[in-house]
There are 2 protein chains.
Amino acid sequence: MTKPNALYAQSGGVTAVINASACGVIETVRKYTDHFGNIFAARNGIIGALTEDLIDTSQESEHDIAALRYTPSGAFGSCRHKLDTLEKSRPQYERLIEVFSAHNIKYLFYNGGGDSQDTAYKVSQVSQTLGYPVTCIGIPKTVDNDLSFTDNSPGFGSVAKYVAISIREAAMDLAAMSFTSTKVFILEVMGRHSGWIAAAGGLAAEKEGDAPHIILFPEIPFAPEIFLARVQDCVKKFGYCAIVVSEGIRNADGSFLTESGLVDAFGHKQLGGVAPLIAKLVKSKLNYKYHFAISDYLQRSARHIASKTDVEQSYALGKAAVEFAINGKNAVMPIIVRQPGENYQWTIGEAPLEKVANVEIGLPRDYITEDGFGITEKARAYLLPLIVGEDYPPYKNGLPQYVKLKNVAVVKKLEKAFLI
Amino acid sequence: MTKPNALYAQSGGVTAVINASACGVIETVRKYTDHFGNIFAARNGIIGALTEDLIDTSQESEHDIAALRYTPSGAFGSCRHKLDTLEKSRPQYERLIEVFSAHNIKYLFYNGGGDSQDTAYKVSQVSQTLGYPVTCIGIPKTVDNDLSFTDNSPGFGSVAKYVAISIREAAMDLAAMSFTSTKVFILEVMGRHSGWIAAAGGLAAEKEGDAPHIILFPEIPFAPEIFLARVQDCVKKFGYCAIVVSEGIRNADGSFLTESGLVDAFGHKQLGGVAPLIAKLVKSKLNYKYHFAISDYLQRSARHIASKTDVEQSYALGKAAVEFAINGKNAVMPIIVRQPGENYQWTIGEAPLEKVANVEIGLPRDYITEDGFGITEKARAYLLPLIVGEDYPPYKNGLPQYVKLKNVAVVKKLEKAFLI
């Protein structure tokens, strides 16, 4: 009897460590030859599954699959494509089952954020009603750290580490230049809806006066006068002011700073990034020379300085997903469970996909200092373990040697194409 | 008899490795106790020397001085302050000699770019005429790689490595997202006057189709139509287009893109950075979704991924400067000399300060491909050795442990203060 195949798919914004989860999945499936036939990967996420564009991972060498552990981005391609409700998108869900059936796929490992877990859950439901049962296991991933149930989201720890290191280094540069030149440096980081990533910048500050001096969170309405007073205070006290700003900071009325009247007040329309707006504000009101950086994709692809904890957890979650499937679990997602105690320890737990989906966990208010410009000890205790450890990729000629898979397509079996 | 003291000063924009030169200077001075008394550092560069704000480096432990080797930025503070010609600024030069005389300083080690070497040269001249001979040795430093005589400038190799790694990683992210989302990614890098740093991004591309697909150099007048055609071509061929742009790119008329009519043509005034302008151009003309990053200070402070070659050269140049002084040389600067042959080897040579000063070496035209969008094999052969090797700092709790010196002030001896 032919053993059932598995399908792995990556979804949403990629991270420095999502391929470590892929590595965990594929290596574990390969180990359990009595349970699984082949493992395919969907090219460009769920789109590949819908269009029957599958990748034959058996064509990849052991070495190359192992190299996924230290290779950033999504090795099989990802996509931003959310399946709608069952009622509205039933043909899409049915098509998935058609593709699965054609390729004897009985396991789906879906690596993504809240939306993706919602899709995985629905696939598990439809497969039941259509009489072609598929085991659907989610694998968490998002730099935004906003997934429910899991203590933290894989991908976040590495962004957090990158941001904390970057603001520490850049602020040292600023400190050296500040006597005659730049007084204010602003680092813009991701986090449209919550300040998790911005908060991580606070880890760089270990004692009074350390950078960053100010963190601007989406959770705290931006108050220009109070902010400017704080900047001035910092420059007077320390000679300079280092700032981390979340791309998602908002005005008192809830509008994004980048879309607000505040922007127009400076006579400029937003060209991209909130850092230049903050910089202009500082320049126009306090006349300090500024510099700013926008780390954008750099922060979430910086595998060269990934958190070892993050890499290990990402791999372990991929591995656990396969083990869950082998143990007959369905419609669940392995999660990170933080153990109580002084020394950070984690284990793998599980959460039902039905409840994971579409719930965003925000940065708790008590992780932000009362003045709204820093992180509390509680936040630090939570965040710090997530950035611990380095896990350097191999280098050749000064550059990290990331793997590029062959990504050989599986021969299509269905007659009709499917238009997304 | 009291042994003569030495003074070390950092000048201009700091780098990830200028402290490695400081380490080389101080460790070597400490070794030659028969030649030197103490070594002071000028707080905030030449300003500290003028205002008699000197730092007593003997208060720093061996461990902390050794830690300078892996600590970015300028440990004693730097400044942007160019001394004018002898005719115009004679009182400043005389003041320097006064300070030197008061503190028995007979050696000046001046760590900076072209302007600083000019200052060092003039100090060596004035000291002669004032009858207080000071040995002035320059130590090269600049991320811009535009110093004459030396094969490359310390600081550049590490920025080059950072930029090449960053565009490689971000472009992998882009590749994974491009099917349904972002098609164009733009990384803005430093280099107001020359494209050395932008060129380094080209190292990430090892074969046809590799990112970056386009590099925009200050040396090549920006031609929007040709650029857009190339972007479109890339997206059609590879699915996405990764771009490195130098902050200093110019229009055909020689004006900076950030100050030009081209900017206004999009209806926006520059808020900082050329990357958003390029992004807007791509969006408005080709309607591709874009992302961009501005690395700013991050690129030159990224000690976490410094080039080992750069660190070793920076240290060696600091050490050589002291040895030059011991050997009776004056008004010279140690330089990197590339040895002929297939395998990269370098030695220390010397250049006269008089000739080093104020000469900028641009990126040769034959380092840029004919179409103006990439680097040639000649450029690659020159650049590659400079980024080779990793030299990781120590970490604790997930963060690099950079040293912060005590920087204890030397008691002033002069009656009068000096206003800059």
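This is a predicted model: local features need pLDDT of at least 70, side-chain atom pairs count only at pLDDT 80 or more; totals for chains, interfaces and linings use all residues.
Where the two domains touch, 14 residues of domain 1 of chain A meet 14 residues of domain 2 of chain A. The domain 1 side of this contact in chain A is made up of six nonpolar, five polar and three charged residues.

The mean pLDDT of chain A is 94, and 97% of the residues reach at least 70. For the model as a whole, the scores are ipTM 0.96 and pTM 0.97. One stretch of chain A deserves a note of its own: over residues 261-271, pLDDT stays under 50. For these residues of chain A the model has 21 contacts beyond four places in sequence.

How are the two chains related to one another? Chain A can be laid on chain B by a rotation of 180° with 0.0 Å of shift along the axis, and the RMSD of this superposition is 0.0 Å. Such a relation is that of a two-fold axis. Within chain A, Ile294(A) has the C-alpha nearest the axis, at 2.4 Å from it.

The contact between the chains draws on 64 residues from chain A and 64 residues from chain B. On the chain A side, at least two residues each are supplied by helix 6 (156-177), helix 10 (275-286), strand 9 (290-294), helix 11 (296-301) and strand 13 (399-400). Of these elements, helix 6 of chain A gives the largest share, with 13 residues. By class, the side of chain A that touches chain B holds 33 nonpolar, 20 polar and 11 charged residues.

Attention now turns to a helix pair within each chain. Two packed helices are described by the angle between their axes and the distance between the axes. In chain A, helix 1 (residues 18-31) and helix 12 (residues 308-326) have axes that come within 7 Å and cross at roughly 35°. The crossing of helix 1 of chain A with helix 12 of chain A is right-handed. Residues of helix 1 of chain A in this contact include Ile18(A), Ala22(A), Val25(A) and Val29(A), and those of helix 12 of chain A include Val311(A), Tyr315(A), Leu317(A) and Val322(A). Also part of the contact are Ser21(A) and Thr28(A) from helix 1 of chain A, together with Lys319(A) and Glu323(A) from helix 12 of chain A. In total, the contact of these two helices of chain A comprises 12 nonpolar, five polar and two charged residues.

Chain B has a helix pair to set beside this one. Helix 1 (residues 18-31) and helix 12 (residues 308-326) of chain B pack with their axes 7 Å apart, at an angle of about 35°. In chain B, too, helix 1 and helix 12 make a right-handed crossing. Among the residues in contact are Cys23(B) and Gly24(B) of helix 1 of chain B, and Ala316(B), Gly318(B) and Ala321(B) of helix 12 of chain B. The classes in this contact of chain B are 12 nonpolar, five polar and two charged residues.

Finally, some backbone details stand out in the loops. Ala211(A) and Pro212(A) are joined by a cis peptide bond with omega of about 0°, and Pro212(A) sits in the loop between helix 7 (196-201) and strand 7 (214-216) of chain A. In chain B, the peptide bond from Ala211(B) to Pro212(B) is likewise cis, with omega near 0°. Pro212(B) belongs to the loop between helix 7 (196-201) and strand 7 (214-216) of chain B. Ser73(A) is not a glycine, yet its phi is positive, at about 70°. This serine, Ser73(A), is located in the loop between helix 3 (62-67) and helix 4 (86-102) of chain A.

Methods: Residues are numbered from 1 along each chain as its sequence is written. Chains are lettered from A and ligands numbered from 1 in the order in which they are written. Copies are superposed by least squares on the C-alpha atoms of residues with pLDDT of at least 70 in both. Two residues are in contact if their C-beta atoms, placed from the backbone, lie within 7 Å. Ala, Val, Leu, Ile, Met, Phe, Trp, Tyr, Cys and Pro count as nonpolar, Asp, Glu, Lys and Arg as charged, and the others, Gly among them, as polar. Helices (H or I, at least four residues) and strands (E, at least two) are DSSP runs, numbered from the N terminus. Axes are lines fitted to C-alpha atoms, for helices over the stretch in contact, and angles run from 0 to 180 degrees between N-to-C directions. A crossing is left-handed if the near helix is turned anticlockwise from the far one by less than a right angle, and right-handed if clockwise. pLDDT is the predictor's confidence in each residue, from 0 to 100.
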